[in-house]
Amino acid sequence: MPQLPKGSIQKIIAGIIVVVALAIGWSSFYTIQEQEQAAILTFGKYSHTEEKSGLHFKLPYPIQQAVIVPANLTQQLQIGYRQADGQQNIGIEEEALMITGDENLVSADAVVEWKVSDLQKFLYNIENPEQFLRNSAVSAIRSVIGSTNLDFAITEGKTVIQGEVKKQLEELQQHYNTGIHIVDLKFQDIEPPEGTVQQAFREVTNAREEKNTKVNQAQKYVNDRLPKARGEAQALIEQAEAEKHSRIVNAQGDVAKFNAVYNEYVKNPDITSDRLILETLEKILPNAKVIITDGGGDTVKYLPLNELLGPSRSNQSQAVVPPAAPQAPSSQGQSSEDEKGGNTP
């Protein structure tokens, strides 16, 4: 054997030590992203779960091992079809075709949204979590649709079926401790297989949707008109009540006024009567001049009314109360009161 240079063995050993040290250091650190969790295994046995994102330290391999899973990410599972190239959908008949409660065939496509709720159960209680979830979803869909009539399934029963399927799927995950949380389940299509039957059912569905649309439009019109009609009716009622109250108050005022006049008439009939006559003349002859003179004495008095009133007023109508016959002093006092109360333009 060729002789190795002096010191070569020491250099080889030092290189091996450096490589081992780098391997140990490399395997002692691991990084967790924001949507990930890591299951730490010690000698192949589950130890704990690390949920915080960032750089973490563990014992080097093979003492400890980190299994990183996107546990915080909501994932989707397609039932009854697959998406190719991100656009084209390819139907999977063995998953999509099902029998309804009235023994009709129906094709159901759904999407299951799920995420990991317990990483230990997810890794060790089931061998293939995604395949188990797919089988359990298909089983739940077949169970619910198998107890539902076709007419109900393809029309207004879609939402009800979604709720029942999600409930059964959650119960299956809890029963088998899969560590999977069902976020949501949505049906893409529930319809008969392709052909003339499918076309007929689509026409029925379209007709029902049109019916529902018209019913909703009619209800919208009712909801718009009914409050307005009620408001108008209430306004008319309030207006009538106000008119009623106004007339009652006016009538009560007229009665009180009449009673007051009547009470004064009882006390002084002549004065009240003359006053009412003068007030009536003012109402029916608003532009007339009412002049009251004293007719006492034996001498005829000349009163040039036209000159006193002026030329602008000479053409206006005049009402002159003729001189009264001589009366007793008490009557003159009464006439003086009539002059004070009735000589109003």
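1. A residue is called buried when its relative accessible area is under 20%, exposed when it is over 50%, and partly exposed in between. With that in mind, note that this is a predicted model, and look at strand β1 (residues 29-32), where Tyr 30 and Ile 32 form the covered face, while Phe 29 and Thr 31 form the uncovered one. Strand β1 pairs with strand β4 (residues 54-57) in the antiparallel sense over four bridges, and within that pairing Phe 29 has Phe 57 as its bridge partner.

2. Strands β3, β2 and β5 make up an open sheet of three strands in the order β3-β2-β5, with antiparallel pairing. Because β3 (45-50) and β5 (64-69) each have a single partner strand, they stand at the edges, and one side of each is left without a neighbour in the sheet. Neighbouring strands here are turned by 25° against each other on average, direction ignored. Five bridges join β2 (residues 37-42) to β3, including the one that links Thr 42 with Lys 45.

3. Helix α4 (residues 129-145) has 17 residues and reaches 24 Å from its first C-alpha to its last, close to the 24 Å expected. Its buried residues include Leu 133, Val 138, Ile 141 and Ile 145.

4. Which residues touch the most other members of the largest nonpolar core? Among the 33 residues of that core, they are Ile 141 and Phe 187. The largest share of the core, seven residues, comes from α4. Leaving aside neighbours within four places in sequence, Ile 141 is in contact with Ile 79, Met 98, Ala 108, Ala 110, Val 165 and Phe 187.

5. The structure holds nine salt bridges, and one of them joins the side chains of Arg 82 and Glu 95 at 2.8 Å, N to O. Arg 82 lies in strand β7 (residues 81-84) and Glu 95 in helix α2 (residues 93-96), so this pair ties together parts that are 13 residues apart in sequence. Arg 82 counts as partly exposed at 26% relative accessibility, whereas Glu 95 is buried at 11%. Arg 82, Glu 95, Glu 130 and Arg 134 are linked in a network of salt bridges.

6. A salt bridge of 3.0 Å, N to O, joins the side chains of Glu 243 and Arg 247, which are four residues apart in helix α7 (residues 196-267) and therefore separated by about one helical turn. Glu 243 is partly exposed, with a relative accessible area of 41%, while Arg 247 is exposed, with 60%.

How values were computed: Residues are numbered from 1 along each chain as its sequence is written. This is a predicted model: local features need pLDDT of at least 70, side-chain atom pairs count only at pLDDT 80 or more; totals for chains, interfaces and linings use all residues. Side-chain values use heavy atoms; hydrogens and water are left out. Two strands pair if DSSP finds at least two bridges between them. Helices (H or I, at least four residues) and strands (E, at least two) are DSSP runs, numbered from the N terminus. Axes are lines fitted to C-alpha atoms, for helices over the stretch in contact, and angles run from 0 to 180 degrees between N-to-C directions. Buried means under 20% relative accessible area, exposed over 50%, partly exposed in between (1.4 Å probe, protein chains only). The expected span of a helix is 1.5 Å times one less than its number of residues. A nonpolar core is a set of buried Ala, Val, Leu, Ile, Met, Phe, Trp, Tyr and Cys residues joined through side-chain atoms within 4.5 Å. Contact means heavy atoms within 4.5 Å. A salt bridge is a side-chain nitrogen of Lys or Arg within 4 Å of a carboxyl oxygen of Asp or Glu.
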